[in-house]
Amino acid sequence: MSKQINPYLDFVLGLDATQFDSLCDAINQRKDKERYGVTSFEEAALYYGRKPICPKCHSDKYHEDGHTPSLAKRYRCENCECSYTLLSDSIFNSSKISFHKLMSYIQLMSFNVPLDLICEVLDIASNTAELWRKKIFSTVDNYQDHLKLYNRVWIDETYIEDYQVLESNNNEKHPRGLSKTKICIVVAIDSSKNMLAIICGHGKPSSKRIYTALKDHIIPGSTIIHDGDNSHKYLIDALNLKSEVYIANTKDSEYIKNMAMINNMCSWLKRYIWRFIGMEVVNLQSYLNWFIYLHRCKRDNEKWPKSNRILRHLVLERVKFRRK
């Protein structure tokens, strides 16, 4: 059976570079309209109900004041006379990258694709890819602050090597055990699969560090399922939590069965972090925030498509991003 000849092939091959770019842009806009219902971030902001608020004095009193050269609607604050657009205090302010390319970037980032591969696929510079990752991370910097775990809550600690500490100490070999060269990450997950991942210093954590990390995230009266570490006791007593202990023993079927939830989370988290070998430790909490946020999006993907949910979050979040 012969292949059907594409009736548009000769037309497309006959276009010059400018015409071809215009055609590709029109095709991408149609794809975006079908997938997201919008073709620009300003349209998305209006679609999801973002309100024009002055980025300087935060007043919601304004009047329309024409358009910018890029045809974005301009507003003028009636309180301080500041001129602004709908996206002035967002990560998309003054963005020169097309909506389609940025949404492709966000999609790839939602699958935790390494930056060098994103650069290759989207044909963008590495510094541009790094900048947009930092911008997107800035929208989830405080995401875990409001999270509350309840009912049955599993807690544990996982560790990753801090190679900057190793290098500064000029250690030829990695110290054994839970040394100060390891970053401690406190992890928690409840029976509804709400998750937390918070950096808790270096080495084995004290009771105070565990309490500080989790005290605002676990509802008093919940049941804590843990491995019986002494550092958990102060948290349990202070929040009036019930304690359910399973001593870590990989040969014990009860331990494997009852601690599978938190052990799986630790494995997921480590596999995620290992994708980004060479990242600066100062950015680790941002990576953890993104991991937790993505888990929530993927968990509810059937109710609300992940890409649409991320788009809504990004256009509604008010962030004044500053290059460091």
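How much space lies in the second largest pocket? The volume is about 710 Å³, taken as the space filled by probe spheres set on grid points that are joined across faces, edges and corners. A pocket is an open set of points on a 1 Å grid over the protein atoms alone, where a 1.4 Å probe fits, with protein on both sides within 12 Å along at least five of seven lines; lining residues have an atom within 4 Å of a point. Of its 25 lining residues, Ser 40, Phe 41, Glu 42, Ser 70 and Ser 95 are the closest to the centre.

The model is predicted: local features need pLDDT of at least 70, side-chain atom pairs count only at pLDDT 80 or more, and totals for chains, interfaces and linings use all residues. Residues are numbered from 1 along each chain as its sequence is written, and side-chain values use heavy atoms, without hydrogens and water.

Helix 2 (17-36) supplies at least two lining residues, as do helix 3 (41-47) and helix 4 (99-110); helices (H or I, at least four residues) and strands (E, at least two) are DSSP runs numbered from the N terminus. The largest share, four residues, comes from helix 2.

Five strands form an open, mixed sheet in the order 6-5-4-7-8, where pairing requires at least two DSSP bridges between two strands. Strand 6 and strand 8 stand at the edges with a single partner strand each, so one side of each is left without a neighbour in the sheet.

| Element | Residues |
|---|---|
| Strand 4 | 152-161 |
| Strand 5 | 182-190 |
| Strand 6 | 195-202 |
| Strand 8 | 242-245 |

Strands 4 and 5 pair in the antiparallel sense over nine bridges.
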